[in-house]
Amino acid sequence: SYPHALSGGQRQRVMIAMALANNPDILIADEPTTALDVTAAKTIMELLKKLQAERNMSIIFISHDLHTVKRYADRIGVMKSGQLIEVQSAKDLFLAPKEPYTQALLHTVPDGLPPTHQIEQQTRLQAENLRIWFPIKQGVFQRTVAHTKAVDGVGFDINTGETLGIVGESGSGKSTLGLALIDLQQAKGRVLFEQHDLIKLNKKQWKPIRQDIQIVFQDPYSSLNPRFQVISILTEGLKIHTALNAQRRLEKAKAMLKRMNLTEDYLSRYPHELSGGQRQRVALARALLLEPKLLVLDEPTSALDRTNQVQIIELLREMQAQTGMSYVFISHDLAVVKALSHKIMVLKSGKVVEYAQNSMDLFNNPQHHYTQGLIQTAFSCAYEAFPK
C-alpha cells in the first residue's frame, strides 16, 4: 500500500513501526496515539512498554492525552509557554499537582450534554445506501479482482441544530465518509442536502452551496496552505462567498481568532510557525467564519489539550444553539463525542454496527459487542488506578 491509501491511524502505526525498526536507545514519541482509536492506542502503548522492557529503551512521550500519560509515564514534565514548570513522578503529579496550570489541566474534562433544540427541527442531511468501494487491481493489465469496501451501505439523517457523532476504529471508513459528504470523495448512493442530491451535482452546481457545507480536516499539517499567512487563510472564504469589504473581513477574522484563544499577532504568521493544536484552531476558525449550515468535523480536537478542547466544545455548542448549525462529528475521543452528539453511529470495516437516535442510549446501554468494547476501553482508562 501507498500512504495515501491508508487512514490517519494506519499511517501513524506505520511511522511507529519505522521508528522501532532501528532499535533505538531513545524513542521520541510525539503524539503517537492521536490518530488512533482507543483500542489501537492501548495496543500500541502496551507494545511500546513491552519493547521498552526488552530493549532497555528510554521513551520521551509527548501527548495531550492525560489518561494515556497517567497509565504509561514514569515521570511527567509539564510545559507552558516554552518553560518546564513542573516535573514529578506520575503518581505524585496526578495526586498532588503543585502549579495552578497543572491543576487546571488535570481538572478540565469535557462534560455536559449537547444543546437542546431551540428551533423547529427539519431534516437537513439524509444519506441512503452510501457506498465507497476502492478497486484492488492485479496483474500486468491491472484488472480489478476485488474491492476494498471503505463505506458499504451506510445511511443516516441529521436535523437542523443536531450533531451526529461517528465513531469507530482506525480504518473503519469515518474520514472517507466525511469526505464524500463534501464531494472530495466519489461515492454511490444518495446524499440529500435541502433537496439537493449532492452526489449528482457537478462542479458548477456545487459552487452556490459550498458556503453552506464546510469541513475541518483531520490532519492540521496538510489542511492549511503553507504559502498563506493566517489572515489570508481566514479571509479567503469570506472573499469568495460574501460581499464583505476588506475591513469587515479583517474584523470578523480577528473576532473569530479571539474565540479560538489565539491573539491577533497570529494573523501575520505562516502555518509552519504554528503548533498542531494552533493550526487546528485556525482551520476550525476558517470553517466557522462562513457560518455554514452543515459542518463536517474530522477529529477537530485531537491535537488540542484538554483546556482548549473544552473551550472549543463550548464554542461549538454556543454556535449550534444560536444558528441551528448541524455537525457531523468524527472522533476517537468518546468523552468529546458524548459532550457534543445528539445521535451516534458506530462504524466497523465500512458498515454501521450500531446507530442510536439518542446518544445517551448508546453510552448507557450499548447493544453491539464492538461498541461495548470501545466504551469500556475508553472510560476504564480514564478512571483506573495507577498500574503497579
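## The second largest pocket

In this predicted model, the second largest pocket has a volume of about 990 Å³. Its lining consists of 45 residues, and those closest to the centre of the pocket are Asp65, His67, Arg306, Asp333 and Ala378.

Six elements are listed below by position. Helix 2 (38-55), helix 3 (66-72), helix 5 (100-107), helix 11 (306-323), helix 12 (334-340) and helix 14 (369-383) are the elements that give two or more residues to this lining. By class, the lining of the second largest pocket comprises 19 nonpolar, 14 polar and 12 charged residues.

The model holds 2 cavities of 30 Å³ or more.

Lining the second largest cavity are Asp37, Val38, Val167, Gly168, Ser331, His332, Leu334 and Leu374. These lining residues divide into 4 nonpolar, 3 polar and 1 charged.

## Helix 8 and helix 10

Helix 8 (residues 230-241) and helix 10 (residues 276-289) have axes that come within 8 Å and cross at roughly 25°. Because angles under 35 degrees count as roughly parallel, helix 8 is roughly parallel to helix 10. The crossing of the two helices is right-handed.

On the side of helix 8, the contact is made by Val230, Ile233, Leu234 and Leu238; helix 10 contributes Val282, Ala285, Arg286 and Leu289. The residues of this contact divide into 7 nonpolar, no polar and 1 charged.

Notes:
Residues numbered from 1 in each chain as written. Predicted model: local features only at pLDDT ≥ 70, side-chain atom pairs only at ≥ 80, totals over all residues. Heavy atoms only, no water. Axes fitted to C-alpha atoms, helices over the stretch in contact; angles between N-to-C directions. Helix = DSSP H or I, 4+ residues; strand = E, 2+ residues; numbered from the N terminus. Parallel < 35°, antiparallel > 145°, perpendicular 65-115°, else oblique. Left-handed = near helix turned anticlockwise from the far one by under 90°. Contact = heavy atoms within 4.5 Å. Nonpolar A, V, L, I, M, F, W, Y, C, P; charged D, E, K, R; others polar. 1 Å grid on protein atoms, 1.4 Å probe; cavity = no way out; pocket = protein on both sides within 12 Å on 5 of 7 lines; lining within 4 Å. Points joined across faces, edges and corners; volume = space filled by probe spheres on them.
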